[in-house]
Every structure is written in structure tokens, then in C-alpha cells.
Amino acid sequence: FMGTGVFEELHHLMGFEDTLMNVLLEPEAMLELAEAVGEYRFQYTKLLVDYLHPDAIISHDDWGSKTSLFMSPESWRELIKPQYVKMYQYMKDHGVMIIHHADSYCEPIIEDMVELGIDIWQGVMTSNNIPDLIQKYGGKISFMGGIDSATVDHPGWTREEVKQEVRRACKEYG
């Protein structure tokens with residue numbers, strides 16, 4: 001498990017609003033910081049892969065909210081994506097399955113996720129057009145999710161509610 005991805009580390013360092021403002025106002029400085037965080041995560045990746053020889057790594061970085069990315073796809077491609085290229089390629093080169101957790105709306109960057117070599121998008125939310133994504137990208141990436149936590153994680157939840165939601169997701173998404 002690799003928690004606190006590049007974007008999350010940026011907003012842990014300076015706060016969420018400041019991170020997004022700095023993406024707009026200080027793009028060169030933010031890229032330099034993202035590269036430093038990316039290099040740290042790459043070195044961590046190498047240690048995990050070289051010494052533990054995992055079959056799979058769950059990498060965690062939420063890139064959006066329930067309904068949108070936190071930044072434009074273009075900004076994400078300039079700032080965040082490059083930090084994952086070397087890291088995920090190293091995993092692929094060593095036969096490690098990449099499970100990327102992002103319980104957020106990532107539909108605008110799904111082709112990038114496929115290009116990065118992500119095997120499983122874990123946490124895919126129903127605000128993404130899951131049936132369409134399966135139709136277009138099935139066989140290139142697997143989608144794990146389709147159950148929004150707010151549907152089943154609330155005061156007074158029941159096992160039957162959870163079972164119904166799981167059955168719905170399995171029926172709708174196969």
C-alpha cells in the first residue's frame with residue numbers, strides 16, 4: 001500500500017486551497033515541488049518492489065471530487081501525471097500489478113490512467129459513466145467500485161442495504 005499520493009502530499013504540505021491557488025499562480029514552483037514528491041515516491045516504489053517483490057501495489061491519490069477533477073485535465077497532465085510515469089513504469093517492468101485508488105470523478109483522464117499502466121482503478125464512483133467506461137476501456141483497465149460510500153455508510157445502515165447495493169453494482173457493471 002502506498003498512501004498519500006503526489007497530489008495529496010502537496011495539499012498536506014500547504015493546505016488544499018493554497019495548493020490549488022499555487023497551481024494557478026506559481027506553476028513552476030508547484031512543478032518543482034511535485035517533482036520532489038514524485039522522486040520521493042519513486043524511491044519508495046523501488047524499495048517496495050526490489051525488497052518485498054509484491055504481486056500488486058495499491059497506490060492512493062484522489063484527483064478529484066465526486067463530480068469533477070480538482071484541476072483541469074491539462075494542468076493534471078503537466079503537474080501530476082509526469083510524477084507517476086517513472087514510478088508506474090518501474091512497477092510494470094517488475095511485473096507488479098498497479099491498483100490505483102481514486103474515489104473521485106476521473107473520467108476526463110481515463111486514457112491517461114490507461115497510458116500510465118494502471119491495471120485497476122479502485123474506488124470508481126457512479127458519477128463516472130461506468131458502463132461507458134467499461135465499453136470503451138474494458139480489457140485495458142479494470143474498474144473496481146461502483147458503490148458510493150454515502151449510499152451505504154450512514155447512521156443506521158443495515159447489512160441488507162449493503163447487500164442490495166452490491167447486487168445492484170454487480171448487475172449493472174457485470
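Helices and strands here are runs assigned by DSSP and numbered from the N terminus, a helix having at least four residues. The legends below describe a predicted model.

**View 1. Helix α1 and the glycine after it.** Helix α1 covers residues 6-14 and is followed by G15, whose phi is positive, near 90°. The buried residues of α1 are V6, F7, E8, L10 and H11. They pack against α2, α3 (27-52), β1, α4 (73-79) and α5 (81-93). H11 counts as buried because its relative accessible area is 19% and the limit is under 20%. Apart from its neighbours within four places in sequence, H11 is in contact with F16 and T19.

View 2. Most residues other than glycine have a negative phi. T4 has a positive phi of about 55° and is found in the segment before α1. Its relative accessibility is 29%, so T4 counts as partly exposed. H53 has a positive phi of about 50° and is placed in the loop between α3 and β1. H53 is exposed, with a relative accessible area of 58%.

**View 3. A nonpolar patch on the surface.** M21, L24 and L25 make a nonpolar surface patch of about 340 Å². L25 belongs to helix α2, which spans residues 16-25. With a relative accessible area of 56%, L25 is exposed.

**View 4. The open sheet of four strands.** The strands are arranged in the order β1-β2-β3-β4, with parallel pairing. β1 (56-60) and β4 (142-145) are the edge strands, each pairing on one side only. On average, neighbouring strands of this sheet are turned by 25° against each other, direction ignored.

**View 5. The pairing of β2 with β3.** Strand β2 (residues 97-101) runs parallel to strand β3 (residues 120-124), and three bridges join them. I99 stands opposite I120 in β3, and H100 stands opposite W121 in β3. Four of the five residues of β3 are buried, so β3 is largely enclosed by the rest of the structure.

View 6. The whole structure contains nine salt bridges. In one of them, K86 pairs with E39, and the closest N and O atoms are 2.9 Å apart. K86 in helix α5 and E39 in helix α3 are 47 residues apart, so the pair links distant parts of the chain. K86 is partly exposed at 44% relative accessibility, and E39 is partly exposed with a relative accessible area of 32%.

View 7. The side chains of K81 and E115 meet in a salt bridge of 2.8 Å, N to O. This pair also links distant parts of the chain: K81 lies in helix α5 and E115 in helix α6 (residues 110-115), 34 residues apart. K81 is buried, with a relative accessible area of 10%, whereas E115 counts as exposed at 60% relative accessibility. A network of salt bridges links R77, K81, D112 and E115.

View 8. R168 forms a salt bridge with E172, with the closest N and O atoms 3.1 Å apart. Both residues lie in helix α9 (residues 159-173), four residues apart, about one turn of the helix. R168 is partly exposed, with a relative accessible area of 24%. E172 is partly exposed, with a relative accessible area of 44%.

Note on methods
Residues are numbered from 1 along each chain as its sequence is written. This is a predicted model: local features need pLDDT of at least 70, side-chain atom pairs count only at pLDDT 80 or more; totals for chains, interfaces and linings use all residues. Side-chain values use heavy atoms; hydrogens and water are left out. Two strands pair if DSSP finds at least two bridges between them. Helices (H or I, at least four residues) and strands (E, at least two) are DSSP runs, numbered from the N terminus. Axes are lines fitted to C-alpha atoms, for helices over the stretch in contact, and angles run from 0 to 180 degrees between N-to-C directions. Patches are made of residues with over 30% relative accessible area and no salt bridge: like charges are joined within 9 Å, nonpolar side chains (Val, Leu, Ile, Met, Phe, Trp, Tyr) within 5 Å. Accessible areas come from the Shrake-Rupley method with a 1.4 Å probe; for residues, only the protein chains shown count as cover. A salt bridge is a side-chain nitrogen of Lys or Arg within 4 Å of a carboxyl oxygen of Asp or Glu. Buried means under 20% relative accessible area, exposed over 50%, partly exposed in between (1.4 Å probe, protein chains only). Contact means heavy atoms within 4.5 Å.
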